[in-house]
Amino acid sequence: MGGCCSCHVTLGGRVYDMESESDDHHNKYNAYENGYGGARIMLGESSKFVSMYCKKGGKRINQDALTVWEDFMGEKGTIFCGVFDGHGPLGHKFSQCIRDNLPSKLSEAIKMSQQNSSSSSQHKQNMSFVSWNESFLKSFIEMDEELAMKVDTDGFCGGSTAVTVIKHGDQLIIGNLGDSRAILCTRADDNHCVPIPLTVDLKPDVPSEASRIANCGGRVFSAKEDPGVKRIWMPEEDCPGLAMSRAFGDFCLKNCGLTSVPDVFSRKLSKQDQFVVLASDGVWDVLTNNEVISIVASAPKRSMAAKILVKHAVHAWRHKYPTSEIDDCAVICLFLNE
């Protein structure tokens with residue numbers, strides 16, 4: 001539920017027709033198009049291992065975007081998932097541009113790292129965390145630089161968060177930028193489901209984030225009309241009041257502590273691990289981690305899981321915040337076993 005000051009944004013490259021953007025995804029089951037490096041970009045709401053759904057909230061246009069690339073980097077069984085939450089007057093352009101370009105940048109960076117290290121298949125399967133981390137950092141920074149070149153001089157306020165996950169063999173590699181979130185559902189010894197956070201919500205109230213912002217001259221405080229949310233402000237202007245500490249775009253704050261450098265984590269999967277949920281903050285603002293995994297685990301079909309979760313989030317918004325606009329909601333459920 002972040003906010004920023006009003007401005008005009010112009011993004012080059014792909015042309016986005018605001019009127020033609022669907023509020024929801026209603027594509028056929030298991031539809032694909034070809035992506036960079038031999039990957040297949042999922043166009044439908046579900047496949048054998050994935051359920052995805054996105055719904056517009058109370059805004060004029062949906063600013064959330066999401067994508068799933070199967071056989072990522074051309075490697076069978078490797079999957080990339082990404083959820084992007086835009087903000088600002090034309091935040092949907094940021095999230096859509098990142099959705100369409102970040103996966104290929106990341107794939108290219110990973111392949112380059114593999115070639116520089118070793119050509120053996122064993123090394124590819126066991127790529128070091130240092131190499132994964134460098135690849136994420138390189139692609140995220142390149143994406144932000146590309147956005148900067150496409151934004152006009154008046155469009156420096158506005159951007160997008162990103163939460164991304166790669167499943168590569170028995171590894172999960174997570175790259176997070178902002179306050180969207182990814183969690184893992186695993187089974188405890190007594191067989192009940194347990195949520196494990198895969199990311200940290202990168203907001204200005206996190207002490208390490210606030211310290212970086214202060215060291216760069218930015219200010220962190222809550223607006224009088226919204227005392228429960230700490231935001232980033234420029235050194236001498238009460239603008240833009242951004243509710244996350246890392247994001248693509250928002251170039252008016254890039255010299256004030258906001259960064260496009262992601263937090264990168266890895267986790268080795270076990271047989272107890274069931275599924276991963278990635279979602280924008282429209283879901284996490286109203287549902288707990290436990291509620292989310294319970295809803296997904298109890299879905300009658302995997303293909304329905306993301307849509308059911310979004311419906312629960314919308315209902316929770318109406319119950320908890322009846323006078324507020326419902327936020328956009330985007331969800332990807334990645335199932336890890338048969």
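**Inside the model**

Colleague: Which residues have the most contacts inside the largest nonpolar core?
Modeller: Those are V277, L287 and V331, in a core that has 28 residues, and please keep in mind that this is a predicted model.

Colleague: And which elements give two or more residues to this core?
Modeller: On the strand side there are β9 (181–187), β16 (273–279) and β17 (329–335), while the helices are α5 (281–284), α6 (289–297) and α7 (305–320). The largest share comes from α7, which gives eight residues.

Colleague: What is V277 in contact with, leaving aside its neighbours within four places in sequence?
Modeller: Its partners include R181, A182 and I183, then W284, V292, V296 and L309, and also V331, I332 and C333.

Colleague: Where else is there a core?
Modeller: A second, separate core has 27 residues, among them A39, I98, A162 and F251.

Colleague: Back to the helices, then: at what angle do α6 and α7 pack?
Modeller: The angle is about 135 degrees, and their axes lie 9 Å apart. Since angles over 145 degrees would count as roughly antiparallel and 65 to 115 as roughly perpendicular, α6 and α7 are therefore oblique to each other. Their crossing is right-handed.

Colleague: Which residues meet there, in α6 and in α7?
Modeller: From α6 they are V292, I295 and V296, and these meet A305, I308, L309 and H312 in α7. The residues of this contact divide into six nonpolar and one polar, with no charged residue.

Conventions: Residues numbered from 1 in each chain as written. Predicted model: local features only at pLDDT ≥ 70, side-chain atom pairs only at ≥ 80, totals over all residues. Heavy atoms only, no water. Core = buried A, V, L, I, M, F, W, Y, C linked by side-chain atoms within 4.5 Å. Buried < 20%, exposed > 50% of the residue type's maximum accessible area, 1.4 Å probe, protein only. Helix = DSSP H or I, 4+ residues; strand = E, 2+ residues; numbered from the N terminus. Contact = heavy atoms within 4.5 Å. Axes fitted to C-alpha atoms, helices over the stretch in contact; angles between N-to-C directions. Parallel < 35°, antiparallel > 145°, perpendicular 65-115°, else oblique. Left-handed = near helix turned anticlockwise from the far one by under 90°. Nonpolar A, V, L, I, M, F, W, Y, C, P; charged D, E, K, R; others polar.
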